[in-house]
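Work through the exercises below with the model in view. Each task is followed by a solution in steps.

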Amino acid sequence: MSAALDVLSWILLVSGGVISVVAGIGILRMPDLFSRMHAASMLDTLGAACVLGGLILQAGFTVVAFKLFAVLAFLAITTSTAAHALAKSALADGLIPHGCD
C-alpha cells in the first residue's frame with residue numbers, strides 16, 4: 001500500500017471516530033426526540049461511513065473490501081429508514097418538534 005493511501009485511510013478512520021463522538025454528544029445535548037434522532041441518524045452514518053471507508057482503503061481490492069462496502073450500503077439504507085419510521089411514529093403519537101409550538 002502506498003503511503004498516500006495509508007495516510008488517507010488514517011485520516012478517514014480518525015475523522016470517523018471524532019464524528020461519532022460528536023454524534024454521541026449531540027444525542028445527549030439535543031432538546032427533543034427529533035433533534036436527537038437527526039444527530040443519531042445523520043452523524044452516526046457519516047462517522048461509520050468514514051470508518052468503513054478507511055477500512056476499505058486498508059483492505060485494498062479484496063473480498064473483505066467488498067464486504068465492508070456491503071455493510072456500508074446496508075447501514076446507509078437501514079439508518080435512514082429507521083429514522084423515517086421513528087419520526088412518523090412520533091408525529092402520529094402527537095409529539096411535536098421543538099420550536100413548532
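**Exercise 1.** Determine how α2 and α3 are oriented relative to each other.

*Solution.* The model is a predicted one. Start with the angle: α2 and α3 pack at about 175 degrees. Angles over 145 degrees count as roughly antiparallel. The two helices, α2 and α3, are therefore roughly antiparallel to each other. Their axes lie 9 Å apart. Last, sort the residues of this contact by class: 22 are nonpolar, three are polar and none is charged.

**Exercise 2.** Find the orientation of α1 relative to α2, and the handedness of their crossing.

*Solution.* Helix α1 covers residues 3-29. The axes of α1 and α2 come within 7 Å and cross at roughly 165 degrees. Because this angle is over 145 degrees, α1 is roughly antiparallel to α2. The crossing of α1 past α2 is left-handed. By class, the contact of α1 with α2 holds 18 nonpolar, 10 polar and three charged residues.

**Exercise 3.** Which residues make up the largest nonpolar core, and which element gives the most to this core?

*Solution.* The core has five residues: Phe 34, Met 37, Ala 83, Ala 87 and Ala 90. Next, assign them to elements: α2 (33-59) and α3 (63-92) are the ones that give two or more residues. Of these, α3 gives the most, with three residues.

**Exercise 4.** With which residues is Ala 90 in contact, leaving aside its neighbours within four places in sequence?

*Solution.* With those neighbours set aside, the contacts of Ala 90 are Leu 33, Phe 34 and Leu 95.

Terms used. Residues are numbered from 1 along each chain as its sequence is written. This is a predicted model: local features need pLDDT of at least 70, side-chain atom pairs count only at pLDDT 80 or more; totals for chains, interfaces and linings use all residues. Side-chain values use heavy atoms; hydrogens and water are left out. A nonpolar core is a set of buried Ala, Val, Leu, Ile, Met, Phe, Trp, Tyr and Cys residues joined through side-chain atoms within 4.5 Å. Buried means under 20% relative accessible area, exposed over 50%, partly exposed in between (1.4 Å probe, protein chains only). Helices (H or I, at least four residues) and strands (E, at least two) are DSSP runs, numbered from the N terminus. Contact means heavy atoms within 4.5 Å. Axes are lines fitted to C-alpha atoms, for helices over the stretch in contact, and angles run from 0 to 180 degrees between N-to-C directions. Angles under 35 degrees count as roughly parallel, over 145 as roughly antiparallel, 65 to 115 as roughly perpendicular and the rest as oblique. A crossing is left-handed if the near helix is turned anticlockwise from the far one by less than a right angle, and right-handed if clockwise. Ala, Val, Leu, Ile, Met, Phe, Trp, Tyr, Cys and Pro count as nonpolar, Asp, Glu, Lys and Arg as charged, and the others, Gly among them, as polar.
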